[in-house]
Amino acid sequence: MSFKRDSRKSREDIEEMTPNQLVSWFLMSSYCYYEVHCPIMCDHSFDYLVQRLKEHWDEADHPHKELITESHLDATTGYDIDYPTIVKVASSEFLRGIK
């Protein structure tokens, strides 16, 4: 799949994210990477997203926060998450928009 490189999420994008957005983008990034095999951010940006999510974990009240464990954050991976439909659809829409 081809995409516009500047459409991927950057460190600057991540700095602007709210705690709930960090949860959403963790799930979407993990889903795109592990299930779709089309990363939507580089590894360094994902690592930064995880760092920020750890820092703001207690502030997040996202409905799918419980899908992410401390082990996921420590390993910087969401490879074994059972992704809800909304994550799959939102990821597909994002990918469709950056083709």
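In which helix do Glu-15 and Arg-11 both lie, and how many residues apart are they? Both lie in helix α1 (residues 11-15), four residues apart, about one turn of the helix. The legends below begin with the whole chain.

**Figure 1. The whole chain, a predicted model with five helices and zero strands.** This is a predicted model in which local features need pLDDT of at least 70 and side-chain atom pairs count only at pLDDT 80 or more, while totals for chains, interfaces and linings use all residues. Residues are numbered from 1 along each chain as its sequence is written, and side-chain values use heavy atoms, with hydrogens and water left out. Helices (H or I, at least four residues) and strands (E, at least two) are DSSP runs, numbered from the N terminus. Along the sequence the pattern reads α-α-α-α-α. The radius of gyration of the chain, taken over C-alpha atoms, is 12 Å, close to the 13 Å that the globule rule gives for 99 residues, so the chain is as compact as a globular protein of that length. That rule is 2.2 Å times the number of residues to the power 0.38. Along the principal axes, the C-alpha atoms fill a box of roughly 35 × 30 × 20 Å.

Figure 2. Of the 99 residues, 43% are buried; buried means under 20% relative accessible area, exposed over 50%, and partly exposed in between (1.4 Å probe, protein chains only).

**Figure 3. The surroundings of Ile-81.** Ile-81 lies in the loop between α4 (70-75) and α5 (85-98). This residue counts as buried because its relative accessibility is 8%. Not counting residues up to four places away in sequence, Ile-81 touches Phe-26, Leu-27, Leu-67, Ile-68 and His-72. Ser-30 is 51 residues from Ile-81 along the chain, and their C-alpha atoms are separated by 8.5 Å.

**Figure 4. The salt bridge between Glu-15 and Arg-11.** Side chains of opposite charge can pair when their charged atoms come close. A salt bridge is a side-chain nitrogen of Lys or Arg within 4 Å of a carboxyl oxygen of Asp or Glu, and a search of the whole structure finds three. In this one, the N to O distance is 3.7 Å. Glu-15 counts as partly exposed, at 40% relative accessibility, and Arg-11 also counts as partly exposed, at 42%.

**Figure 5. The salt bridge between Lys-54 and Asp-74.** The side chains of Lys-54 and Asp-74 meet at 3.3 Å, N to O. Lys-54 lies in helix α3 (residues 43-55) and Asp-74 in helix α4, so the pair ties together parts that are 20 residues apart in sequence. Lys-54 is partly exposed because its relative accessibility is 42%, whereas Asp-74, at 52%, counts as exposed.

**Figure 6. The salt bridge between Glu-93 and Arg-96.** The closest N and O atoms of this pair are 2.9 Å apart. Both residues lie in helix α5, three residues apart, about one turn of the helix. Glu-93 counts as partly exposed at 47% relative accessibility, and Arg-96 counts as exposed at 52%.

Key:
Contact = heavy atoms within 4.5 Å.
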